[in-house]
Amino acid sequence: MRRAPSAVCPAGLSLLMLLCCVGGARAAGEGRSVWQRPAGALSAFNASQLFLHATFPPDFLWGAGSSAFQTEGAWDRDGKGPSVWDSFTHAHARSPGETADVASDGYERWEDDVASLKSLGVRFYAFSISWARIFPNGIASEPPNAAGVAYYSRLIDRLREEGIAPVVTLYHWDLPLSLQERYGGWLNDSLVDVFDEYAAFCFLAYGDRVRYWITVHNPFLVAWHGYGSGLHAPGDARGPAAAFTAGHNLLRAHAKAWHTYDRRFRPQQRGMVSIALGSHWVEPYKGQDWQTNVDRCQESMEAVLGWFAEPIHGRGDYPASLKSRHRDLVPEFMEAERQLIKGTADFFALSFGPNNLRTVQNPVRFGQQVSPDLRRVLSWIHLEYHRPDVFIVENGWFSDAAVGTEDTVAIYSLKKFINQVLQAIVHDGVRVFGYTVWSLLDGFEWNYGYAMRRGLFHVDFLHQNRTRVPKTSAFFYSRVIADNGFPGGEETRDVQGRFSCDFQWGVSDSTLQVNFRPFSPQFTDPHLYSWNLTGDGALRPVLGVRLKTRGAQCTDFLAIQQHVRLLAATGVTHYRFSLNWSLVLPRGDLSVVDTEALRYYRCMLKELRARNIRPMVTLYYPTHNPPLLGLPAPLHDSGGWLNRSTVDTFRDYAELCFRELGAWVPLWITINEPNRLSQAYDAGDSYLVAHHLLLAHAAAWRLYDREFRGRHGARVSFSLHADWAEPANPFLESHRVAATRFLLFEMALFLDPLLLAQGEAGGGGADYPREVREYLQNKNRLGLSVGTLPRFSRAEETELRGALDFIAVSHFTTRLVSHYRANSSLQQLPDHDSQLFLDPTWASSPLGQALVPWGLRRVLCWFKRRYGDTSIIVTASGVDDRAFRDDQLRQYYLQSYLQEALKAYVVDAVNIQGFYVWNLQDRHGPRFGLFTSPEHQCSAKSSVAVYREIIARQGFPATQSREPCLQAAAQEDCAVCGKILENKALLFFAVCLFLTLTTLGLLVFNTMRRKRARPCSAPTNRQQNHWDRVAIHHMGDNFHDNCLKH
């Protein structure tokens, strides 16, 4: 293992900019190749960027860390001397509570800390020794402080008794104040020998029980902010020259201590020694001069991490770019010093946390972007320094003090960092052998004091006892340790199988554009044209010539044919599109009907039937854009869905569509996403809107059931927006309840009145979910909401109950949900009191849509649990992808989401009957379309072939054999053929008998006709006999040939 991490403040940006300037020679190593790989949602999709379900190596080391100054307190007790940080905080504190004099009181409550470590299940504890607690004046030649020596000895012994290995840091920024005042601190090279003597004492006193040593924690921050910017203790703001001098002495001190251990203690103690190096990470600006930006990123890494890593893990000298820019400031190593420093680390100890990252947050520096990407830092180290063993000795992030123990965001930061480490090991081959979460418990966060927290255990700094209480992040980390990572369970494994033979494979679109142009004038234009008579390529009508015409035909609408050709290329069986209510009925009612628009829709339906593609037609597709929301303007002006009369108007519109188009439509959607439409209105009005939308749907459904179902037999539903909701914090009951409540408000509010009899909950008729009604009533009593759920009349209950033939849902993503009580009466906020956000470990699209395949399966199972075996159709599901051709993100989306749908069908017995991809074609640039826009030649993207292949195989079968649905159809079609082949003799006799009877019938018919015609013009006997003989001869030949043929 290696050393432990550090913490730093975000200042001195102008000074740091001097370190990262343009210029300098290229350093040895291959680190810059990391930037040639894709990173983030805006780049090409790469499967290795997905959250990795796997485990760490069996001997992987899990631990937690802390530092002495931040947690021990007891700053002047039992003989301890003051440190530079004691002096620094005392000078800047506005009250005693702004110092680390007591901090977490770890000096007294260390046994509680060991118990906390034990509860986590860690294998090691990384802590630092307070130099001034061992040697109050910092000089090891003086007698040590016995109380301090005994304190660390007790801690080490207890850790070992509990099976927890100590990882000990000798110096974590708290330099004895006496050394600063006597020598000037790290600006004086005398400290090299002073530190070596102190280190030797610690090796001797504790080395028989300590295997992993860290000499210095994050020397970059000590040098730069302690002696360059003055933001850290001792507060010297002497600029870059002083920072480079301090860094030079820190390197030499480390190297000398390493050699001391190597020479005097390693043979007996067999331990390992390193120095913890802090780092940030930057990504190149996505500009035109990519290579220049990569060079600048490389220089930035060399100016921070490389400053100390290159002399130890590299060529034994400072990075060339650093020396080139600061020729007069960067000290020179003598050749003997290079040899002394190079290789003085038994492993690469990395500190990666907010202190380093905040140091370089200035986004304007060279236009490069700071990024907390631990995986890419590890890959850079792996390639730049020749594949060293890496021990992460500090990693974590800040939380606000107000968070308390419910540190949900910290869980996801930790989850992302740890999975990035796993990705680096599995995908990139980085040799990481240990991980330290920072920190074990809340402490004094340097310049941030107690306003920011980093601990897994909460400490109340206002309480004398400083009680340790585990945060939810502690439970999460303990689970990760127990699982040794993120093992994949049943949910992560693919299944093999096929969907049912009548499964609806579809494409879904919004409102179909009625394009009367381009229009084919063939057979409708009466003119005859001549072409190019004068050489100008023009068509001119020929005067005096009028051609016969016919009425307009469906084939005249060229846009329809082009549209359906794209559909046919996908191999789908179904196509969903929406009618335009405002176009069909401009005034909203039946006073004006656009018959041409209806004829266009009818032509589309006929063309789909000709291509054997079944339509699903949506009557009303809200635009969700004010002011009209997809309604005809007169309806909107009269109050829209707030007006009860819109329900009746919608029923009339539905009746018109059912009558004019119903013969060609097997599936109807009345309203698309009414749950989203209702939220477009003011919070107090949304429930009345939802009420009217439900009544409008039920009215249309009853109308169809009563007057059209017998003739056309279609199925009718509405389509809900159905994102899955997952508790953001799995360790909090309030989050679980919030996620359940969110689903009730979003979906059950619309489905329960149709599918659940209220009698099941003790009532009798159709009603909204009892939980929603009670929650709203409670908020009303508290003055937190003005929203109320309307009541259904008895007649409305009867009309609603059962008015849904299937559950239709649009599903795209999953949301994390936490409880957030809001006053909806004062703000335009939903009453469900659910705060939504995303897991940063989820892959996301360029528009920010999270790709969460398993969310589809969970929402399908939720419908099954609540509504039984009701059939379900996913009527829209897709993702945006910026690729013009090779849309890898969409290919992954289709394969993974359909795989989850198959699990729901095969494993969970969900009655899923269809899946429609959103959508067919881009309007302009690449977005959700399977095909590019007309301005990009309507080309098929790669996802079309992927979707077509899944359709052809009817899912994900175990073998590549012919699809069984086609085999069954072929066998059914050939059943008659089989019967015939079994009775060939009977077939031969039947054919001969048929031909004989036909011949005789013709003879009789011919004879009768001749007799009737004789009085008018009787032919001569010779003529008649001749034609009779010819007829008989030909009939006989036909009979002979056919019989012999069989």
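Ala 909 is partly exposed, with a relative accessible area of 45%. The structure is a predicted model. The place of Ala 909 is the loop between helix 30 (888–906) and strand 30. Its backbone stands out: Ala 909 is not a glycine, yet its phi is positive, near 60°.

His 386 also carries a positive phi, about 60°, although it is not a glycine. This histidine sits in the loop between helix 15 (374–384) and strand 9 (389–395). His 386 has a relative accessible area of 54%, so it counts as exposed. A positive phi is found again at Arg 270, with a value of about 55°.

Helix 10 itself spans residues 240–269. The helix bends by about 45° at Arg 263. A proline, Pro 267, follows within four residues of that bend.

Two cis peptide bonds can be described next. One runs from Trp 438 to Ser 439, with omega near 5°. Ser 439 belongs to the loop between strand 11 (431–438) and strand 12 (452–453). The other runs from Trp 918 to Asn 919, with omega near -10°. Asn 919 is in the loop between strand 30 (912–918) and helix 31 (942–952).

The cysteines were examined for disulfides. The count comes to one disulfide. Cys 554 and Cys 603 form it, with their sulfur atoms 2.0 Å apart. The torsion about the S-S bond is about -75°, and the disulfide is therefore left-handed. The pair links distant parts of the chain, 49 residues apart. Cys 554 lies in the loop between strand 18 (539–546) and helix 18 (558–570). Cys 603 lies in helix 20 (residues 595–610).

The two partners were also assigned by accessibility. Cys 554 has a relative accessibility of 28%, so it counts as partly exposed. Cys 603 has a relative accessible area of 3% and is therefore buried, the cut-off being under 20%. Cys 202 is buried, because its relative accessible area is 0%. Cys 657 is buried because its relative accessibility is 0%.

Helix 20 also holds Glu 596. This glutamate has a relative accessible area of 36%, so it is partly exposed. Glu 596 and Phe 516 are 80 residues apart in sequence. In space, their C-alpha atoms are 9.1 Å apart.

A nonpolar patch on the surface is formed by Leu 528, Val 542 and Leu 547. Together these residues have about 210 Å² of accessible area. Leu 528 is placed in strand 17 (residues 527–531). Val 542, another member of the patch, falls within the range of strand 18 (539–546).

Arg 32 lies in the loop between helix 1 (13–19) and strand 1 (61–65). Its relative accessibility is 13%, so Arg 32 counts as buried. The side chain of Arg 32 makes a polar contact with the side chain of Asp 295, at 2.6 Å.

Key
Residues numbered from 1 in each chain as written. Predicted model: local features only at pLDDT ≥ 70, side-chain atom pairs only at ≥ 80, totals over all residues. Heavy atoms only, no water. Bend = angle between axes of the 7 residues up to and from the residue. Helix = DSSP H or I, 4+ residues; strand = E, 2+ residues; numbered from the N terminus. Patch = residues over 30% accessible without salt bridge, like charges linked within 9 Å, V, L, I, M, F, W, Y side chains within 5 Å. Areas by Shrake-Rupley, 256 points an atom, 1.4 Å probe, with all protein chains shown as cover. Salt bridge = Lys/Arg side-chain N within 4 Å of Asp/Glu carboxyl O. Disulfide = S-S within 2.5 Å. Buried < 20%, exposed > 50% of the residue type's maximum accessible area, 1.4 Å probe, protein only. Polar contact = N/O pair within 3.5 Å; in protein donor to acceptor, adjacent residues only side chain to side chain.
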